[in-house]
Amino acid sequence: DMQPPAGPAQGHIGRGAESQPAVFVCPDAIETLRKRADFLKAAQARRQGTPGFLLQARKRAAGEAAEGLTRVGYTCSKKVGNAVTRNRAKRRLRALARNVMPLLGQAGWDYVLVGRPGATVERDFAAMRADLARALSQVHAQTDGGRP
C-alpha cells in the first residue's frame, strides 16, 4: 500500500504563491527586435561606438508599429568568436539593456547592440553600463541633419 508524497499546498513546486518568479520579465515598455528588416533599418541610422560594443539607434516613423515602445535588438557576428562566446556576449548585452534601457532608452526608438570581438565578453560590466549611458546620450543629442 504505497502512497505518493503529498504535493505542495499551493502554486508552483518549491515556492509559495506570494514569491516572485525566478525569471526577470522585462518591463512592458521594452520589446526585443526580431525581424531582419528592423535590424537593417537601424544599421542605416545613427551609430555610436564604445569600447565594449556598437550602438545603432533609429527613431521610428510616426505610423510604424509598436508606438510608445522602446525596442532593442542584439547581434554578434562570427568575428566575436565561436557559438559559446557569441551567446555569452549576447547574454551580457541583454543584461546591459535590462539595466540601462528602462532609465535612458526613449519610447519610439529602435536600438541594436552589436558585440565587439573580445571586448563584449571581457570588458568590466560597470564600464559597459557607463558606455551605454554615454552612447545613448550622444545618440539622442545628435541633431537631425538629414539623417533618419
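Student: What makes the meeting of the Arg 134 and Asp 131 side chains a salt bridge?

Tutor: The N to O distance is 2.9 Å. A salt bridge needs a side-chain nitrogen of Lys or Arg within 4 Å of a carboxyl oxygen of Asp or Glu, so this pair passes. Before we go on, this is a predicted model, where local features need pLDDT of at least 70, side-chain atom pairs count only at pLDDT 80 or more, and totals for chains, interfaces and linings use all residues. Residues are numbered from 1 along each chain as its sequence is written, and side-chain values use heavy atoms, with hydrogens and water left out.

Student: How do you know whether Asp 131 is buried or exposed?

Tutor: Look at the relative accessible area: under 20% is buried, over 50% is exposed, and anything in between is partly exposed (1.4 Å probe, protein chains only). Asp 131 has 2%, so Asp 131 is buried. Arg 134 has 43%, so Arg 134 is called partly exposed. Elsewhere, salt bridges that share partners join Asp 38, Arg 58, Arg 60, Arg 71 and Asp 110 into one network.

Student: Which residue forms a salt bridge with Arg 71?

Tutor: Asp 38, with the closest N and O atoms 3.4 Å apart. Arg 71 is in strand β4 and Asp 38 in helix α1 (residues 36-44), 33 residues apart, so the pair links distant parts of the chain. By "helix" I mean a DSSP run of H or I with at least four residues, and by "strand" a run of E with at least two, numbered from the N terminus.

Student: Why is Arg 71 counted as buried?

Tutor: Arg 71 has a relative accessibility of 8%, so it counts as buried. Asp 38, at 11%, counts as buried too.

Student: What makes β1 and β4 a pair?

Tutor: They share 3 bridges, in the parallel sense. Two strands pair if DSSP finds at least two bridges between them, so β1 and β4 qualify. One of the bridge partners is Thr 70 in β4, which goes with Ile 30.

Student: In what order do the 5 strands of the open sheet stand?

Tutor: The order is β1-β4-β5-β3-β2, and the pairing is mixed. β1 (30-32) and β2 (46-49) each have a single partner strand, so one side of each is left without a neighbour in the sheet.

Student: How many aromatic pairs does a search of the whole structure find?

Tutor: It finds 1.

Student: Why are the rings of Trp 109 and Tyr 111 called stacked?

Tutor: Rings of Phe, Tyr and Trp (its six-membered ring) pair if their centres lie within 6.5 Å; planes under 30 degrees apart count as stacked, over 60 as edge-to-face and the rest as tilted. Here the centres are 6.2 Å apart and the planes stand at 15°, so the pair is stacked. Trp 109 is buried at 5% relative accessible area, and Tyr 111 is buried at 0%.

Student: What makes a set of residues a nonpolar core?

Tutor: The set holds buried Ala, Val, Leu, Ile, Met, Phe, Trp, Tyr and Cys residues, joined through side-chain atoms within 4.5 Å. In the largest one, with 23 residues, Leu 55, Leu 113 and Leu 132 touch the most other members. β3, β4, α2, β5 and α4 each give two or more residues to this core, and α2 gives the most, with 6. Apart from it lies another core of 6 residues, among them Leu 33 and Phe 39.
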